[in-house]
Amino acid sequence: TAETLRLIEEADLEGLVIRPSDAGMHLVGYLEDGADDQWISRQARRKDVVLQALSSFYRGTARKHGLLFGYAGISEPVMQRAIAKIAPIIKSAAGE
């Protein structure tokens, strides 16, 4: 968890707020300013990176937008490559 969090923080992804977790197999990153998490998820898949859009888990209209970053069983080099692939997508969605 700490390594994944560090890698995401090093990518300097403005508009993405990661909530640290002491346990589990994923981290939640909340998107600010209404960035479209489902668009980000689709674009990431085109780069062979699977991110789950947090808004897809909601029922009804009140939705938070964010991304689930799974890290279980993923080596640091693989995670580094995945973050490098998705960083421009997230920055684009945040309007950078």
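Me: How do H2 and H3 cross, left-handed or right-handed?

Reply: The crossing of H2 and H3 is right-handed, and please keep in mind throughout that this is a predicted model.

Me: What angle and axis distance do H2 and H3 have?

Reply: The two helices pack at an angle of about 155°, and their axes lie 10 Å apart. That angle makes H2 roughly antiparallel to H3, because anything over 145 degrees counts as such.

Me: Which residues meet there?

Reply: From H2, the residues are Trp39, Ile40, Gln43 and Ala44, and they meet Ile86, Ile89, Ile90, Ser92 and Ala93 of H3.

Me: Switching to the sheet, what is the strand order?

Reply: The sheet is an open one of four strands, in the order E1-E2-E4-E3, and the pairing is antiparallel. E1 and strand E3 (52–53) stand at the edges with a single partner strand each, so one side of each has no neighbour in the sheet.

Me: And where does H3 sit relative to that sheet?

Reply: H3 packs on the sheet, where it touches E1, E2 and E4, and its direction makes about 170° with that of E4.

Me: How many bridges hold E3 to E4, and what stands opposite Gln52?

Reply: E3 and E4 pair over two bridges in the antiparallel sense, and the residue in E4 that stands opposite Gln52 is Leu68.

Me: How many bridges join E1 to E2?

Reply: Four bridges join these antiparallel strands, and within that pairing the bridge partner of Leu16 in E2 is Leu31. The hairpin that E1 and E2 form has six residues between the strands, and Gly24 takes a positive phi there, near 110°.

Me: Which face of E1 is covered?

Reply: The covered face of E1 carries Leu16 and Ile18, whereas Val17 and Arg19 are on the uncovered face.

Me: What does Leu16 touch, leaving out residues up to four places away in sequence?

Reply: With those left out, Leu16 touches Ile8, Gly29, Tyr30, Leu31, Phe69 and Ile90. Leu16 is also listed, together with Ile8, Leu51, Phe69 and Ile90, among the residues with the most contacts inside the largest nonpolar core, which has 24 residues.

Me: Which elements give two or more residues to that core?

Reply: They are helix H1 (2–10), strand E1 (16–19), strand E2 (26–31), helix H2 (37–46), strand E4 (66–70) and helix H3 (76–93). Of these, H3 gives the most to the core, with seven residues. As background, nonpolar side chains in soluble globular proteins tend to be buried together.

Me: Back to Leu31, is that residue buried or exposed?

Reply: Leu31, which has its place in strand E2, counts as buried because its relative accessibility is 11%, and the cut-off for buried is under 20%. Setting aside residues up to four places away in sequence, Leu31 touches Gly15, Leu16, Asp37, Ile40, His65, Gly66, Leu67 and Ile90.

Me: How far apart are Leu31 and Ile8?

Reply: Leu31 and Ile8 are 23 residues apart in sequence, and their C-alpha atoms are 13 Å apart in space.

Definitions and conventions: Residues numbered from 1 in each chain as written. Predicted model: local features only at pLDDT ≥ 70, side-chain atom pairs only at ≥ 80, totals over all residues. Heavy atoms only, no water. Core = buried A, V, L, I, M, F, W, Y, C linked by side-chain atoms within 4.5 Å. Buried < 20%, exposed > 50% of the residue type's maximum accessible area, 1.4 Å probe, protein only. Contact = heavy atoms within 4.5 Å. Pairing = 2+ DSSP bridges. Axes fitted to C-alpha atoms, helices over the stretch in contact; angles between N-to-C directions. Parallel < 35°, antiparallel > 145°, perpendicular 65-115°, else oblique. Left-handed = near helix turned anticlockwise from the far one by under 90°.
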